[in-house]
Amino acid sequence: MIVDYHMHLRAPDESLDHTVEGVERFVELAAERGIQEVGFTEHVYYFVETRSLWTVPYHLERCVRSIVPYVDAVVEGKRRGLPVKLGLEVDYVPGREDETAELLAPYPWDYLIGSAHFVGQAGIDAEPSLVAEVGVEAAWHTYYAVLGQAAASGLFETLAHPDLVKMYGPEIEWDWGAVANSLRDVCLEVSSAGLHKPHGKLYPSSDLLREARHRRVGITLASDAHIPQNVGRDLDQAIEHARAAGYDTVTVFDQRQVAQVPLG
Ligand SMILES: [Zn+2]
Ligand SMILES: [Zn+2]
């Protein structure tokens, strides 16, 4: 089975399009590309209902829309029989776990993705970056500590782009077994989005993925499309990457229940 479990519900010009017509546009293109299930995971920080969580200007500036049309659009897609899942890409805020859970509790999620795009005010994949601020090694220590907390928080089914910190600076030697241990409570996303970043690499590295596989950590598949034209983009490479690490199943979710299905 091929699923794409990470995308942002946008129009072809990348503006937010939280409508059932927007959902249909993604599903149509996904079907043409042999993708059987489509999970929408808009960024949490667009939604005013979550405003109390944010301190970073990047989040606060965007936090102006209601979450209701987004949820309704995907739920209506389901009602029409489309193979869609309702998810959300949630920036993890350490220490605000209870509030995060409470704010998101009213909606019928199939799954939640945990992400770390900022640590404090420093960007992981945005400038000014944590790497520029403290150096590669300290940034990686901090990033993987936060990701470990996110995994243990119980808030999320899976983690987005789980080695995003490689965005800036060189990749260095690391204890991937220890990282995989700290992420055992959730799935890891195998994402093709990094292929289109300057580093041109899949997330996560094959080293981390192999260590995760040894520990029976599940995986999800992700294009991280921000426009419908990119749904499913390069998932064949993500699947190949997962197979090379020993995976033969992919994780799917329904109303936060987990199942494994054959990969590809
Ligand atoms: Zn992300
Ligand atoms: Zn995303």
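A residue counts as buried here if 20 or more other C-beta atoms lie within 10 Å of its own, as exposed if 12 or fewer do, and as partly exposed in between, with C-beta atoms placed from the backbone. Helices (H or I, at least four residues) and strands (E, at least two) are DSSP runs, numbered from the N terminus.

This is a predicted model: local features need pLDDT of at least 70, side-chain atom pairs count only at pLDDT 80 or more, and totals for chains, interfaces and linings use all residues. Residues are numbered from 1 along each chain as its sequence is written, and chains are lettered from A and ligands numbered from 1 in the order in which they are written.

I will start with the whole chain. The protein chain has nine helices and 11 strands. Its radius of gyration, taken over C-alpha atoms, is 17 Å, close to the 18 Å that the globule rule (2.2 Å times the number of residues to the power 0.38) gives for 264 residues, so the chain is as compact as a globular protein of that length. Of those 264 residues, 46% count as buried.

Next, the sheet. Two strands pair if DSSP finds at least two bridges between them. Seven strands form an open sheet, in the order 1-2-3-4-7-8-9, and the pairing is parallel. At the edges are strand 1 (3–4) and strand 9 (219–222), each pairing on one side only. Within the sheet, two bridges join strand 4 and strand 7 in the parallel sense. Glycine 114 stands opposite leucine 159 of strand 7.

Now helix 6, residues 136–152. Which of its residues are buried? They are Ala139, Trp140, Tyr143, Tyr144, Val146, Leu147, Ala150 and Ala151. Seen down the axis of helix 6, the directions from the axis to the C-beta atoms of these buried residues fall within an arc of 160 degrees, so they line one face of the helix. They pack against strand 4 (111–115), strand 5 (118–119), helix 5 (130–134), strand 7 (158–159) and helix 7 (176–182). After helix 6 comes glycine 154, with a positive phi near 80 degrees.

That leads to the core. A nonpolar core is a set of buried Ala, Val, Leu, Ile, Met, Phe, Trp, Tyr and Cys residues joined through C-beta atoms within 7 Å. The largest one has 75 residues, and among those with the most contacts inside it are Tyr143, Leu147 and Ala116. Helix 6 supplies the largest share of this core, eight residues. Contact means that two C-beta atoms, placed from the backbone, lie within 7 Å. Leaving aside neighbours within four places in sequence, alanine 116 is in contact with Tyr92, Ile124, Tyr143, Val146, Leu147, Ala150 and Leu164.

Helix 9 spans residues 235–244, and its buried residues are Leu235, Ala238, His241 and Ala242. Down the axis of helix 9 they fall within an arc of 115 degrees, so they line one face of the helix. The face turned away from that buried side carries the exposed residues Arg243 and Ala244. The cover over the buried residues of helix 9 includes strand 1, strand 8 (187–191), helix 8 (206–214) and strand 9.

Last, the hairpin. Strand 10 (residues 249–254) runs antiparallel to strand 11, joined by six bridges. Two residues lie between these strands, and glutamine 255 in the turn has a positive phi of about 50 degrees. Valine 250 stands opposite valine 261 of strand 11. How many of the six residues of strand 11 (residues 257–262) are buried? The count is zero, and strand 11 is hardly covered.
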